[in-house]
Amino acid sequence: SDIIPGEYLNLLAGSVPYAGEGTKRVMLAVMSLLNDRYDITEEDFLSAELEVVPSFEACDIGVDRSFIGGYGQDDRVCAYAELKAIFDTETPDRTAVCVLADKEEIGSMGVSGMQSRAFETFMADLCEQQDVHLRDCFENSFCVSADVCNAYDPTFWDVSEYPNRNGARANYGVGICKFTGSRGKSGSNDASAEVVGKMRKIFADNGVVWQMSELGKVDQGGGGTVAQYMANRNIDTIDAGTPVF
């Protein structure tokens with residue numbers, strides 16, 4: 001906000017004018033293209049929910065091509081892994097649920113955010129079909145909150161937990177965050193020792209390469225995830241995700 005205020009986030013959409021007279025010929029030309037390509041009219045902008053993102057595809061990075069470079073790794077990389085896991089699960093011992101939540105960056109509010117009642121409504125419908133109380137379902141559930149953590153970057157070493165202590169490193173496996181938050185553990189879930197132990201056993205039994213991690217220095221800032229909202233529902237929850245630069 002100190003470098004680029006919100007009002008400066010304008011798009012460079014075009015400069016070639018539409019043929020004819022008038023003062024809005026460039027806008028008319030751009031709208032003509034949008035209409036031809038996507039059937040969008042000017043009035044549609046009043047209700048459209050648009051996102052402008054880089055259009056380049058993900059690519060291999062590094063001489064050894066060991067990194068993946070691309071837009072939106074946070075949090076598409078985890079969403080992909082979660083969705084693939086639910087598709088690959090055939091006959092689980094327990095009901096398996098994949099929740100893809102939106103609006104995290106503005107506090108997980110709204111009907112598609114993790115704080116909404118949509119999740120309870122969905123789970124309550126499942127419980128009613130099995131004559132199970134929702135509170136009992138939550139109490140006996142286990143949640144892995146899939147979100148990225150930061151990999152130690154030597155360029156920005158001063159904001160990271162130093163390697164060999166608590167910080168995640170690239171190519172050392174999935175990162176497990178016992179707690180997230182900022183300025184200590186503010187605004188975070190703090191997984192119990194039993195929950196961490198359960199994850200350790202799952203990884204050990206399945207040969208998963210993993211590491212403990214944190215979201216930067218304890219007092220530096222960091223960030224939160226939706227794990228706290230799941231834990232507030234009395235669901236044992238822990239963060240796990242891909243370390244990213």
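Predicted model: local features only at pLDDT ≥ 70, side-chain atom pairs only at ≥ 80, totals over all residues.
Tutor: Helix α1 (residues 25-38) has 14 residues, and from its first C-alpha to its last it reaches 20 Å. That is close to the 20 Å expected at 1.5 Å a residue, where the expected span is 1.5 Å times one less than the number of residues. Helices here are DSSP runs of H or I with at least four residues, strands are E runs with at least two, and both are numbered from the N terminus.

Student: OK. Which residues of α1 are buried?
Tutor: Ala 29, Val 30 and Met 31 are buried in α1. Buried means under 20% relative accessible area, exposed means over 50%, and partly exposed is in between (1.4 Å probe, protein chains only).

Student: And what follows α1?
Tutor: Asp 39, with a positive phi near 60 degrees. Most residues other than glycine have a negative phi, and most peptide bonds are trans.

Student: Where else is phi positive at a residue that is not a glycine?
Tutor: Ser 108 has a positive phi of about 60 degrees, and Asn 171 has one of about 70 degrees. Ser 108 is in the loop between α2 and α3, while Asn 171 lies in the loop between β4 (149-150) and β5 (174-177).

Student: Is Ser 108 buried or exposed? And Asn 171, buried or exposed?
Tutor: Ser 108 counts as buried, at 1% relative accessibility. Asn 171 is exposed, with a relative accessible area of 78%.

Student: Which residues does the cis peptide bond join?
Tutor: Asp 74 and Asp 75, with omega about 20 degrees. Asp 75 has its place in helix α2 (residues 73-88).

Student: Switching to packing. What makes up the largest nonpolar core?
Tutor: Eleven residues, among them Met 114, Phe 119, Met 123, Phe 138, Cys 143, Met 230 and Ile 235. A nonpolar core is a set of buried Ala, Val, Leu, Ile, Met, Phe, Trp, Tyr and Cys residues joined through side-chain atoms within 4.5 Å. Helices α3 (118-129), α4 (134-139) and α6 (227-231) each supply at least two residues of this core, and the largest share, three residues, comes from α3.

Student: What does Met 230 touch?
Tutor: Met 114, Phe 119, Cys 143, Ile 235 and Thr 237, not counting residues up to four places away in sequence. Contact means heavy atoms within 4.5 Å. Met 230 sits in helix α6 and is buried, with a relative accessible area of 6%.

Student: What about Phe 138, which residues is that one in contact with?
Tutor: Leaving aside neighbours within four places in sequence, Phe 138 contacts Phe 119, Glu 120, Met 123, Arg 233, Asn 234 and Ile 235. There's also a second, separate core of eight residues, including Ile 176, Val 195, Val 196 and Ala 240.

Student: Now the sheet. What's the strand order?
Tutor: Four strands form an open sheet in the order β3-β7-β5-β6, with mixed pairing. Two strands pair if DSSP finds at least two bridges between them. β3 (142-146) and β6 (210-213) stand at the edges with a single partner strand each, so one side of each is left without a neighbour in the sheet.

Student: How many bridges join β3 to β7?
Tutor: Five, and those strands run parallel. Ser 145 has Asp 239 in β7 as its bridge partner. β5 pairs with β7 (residues 236-241) in the antiparallel sense, over three bridges.

Methods
Residues numbered from 1 in each chain as written. Heavy atoms only, no water.
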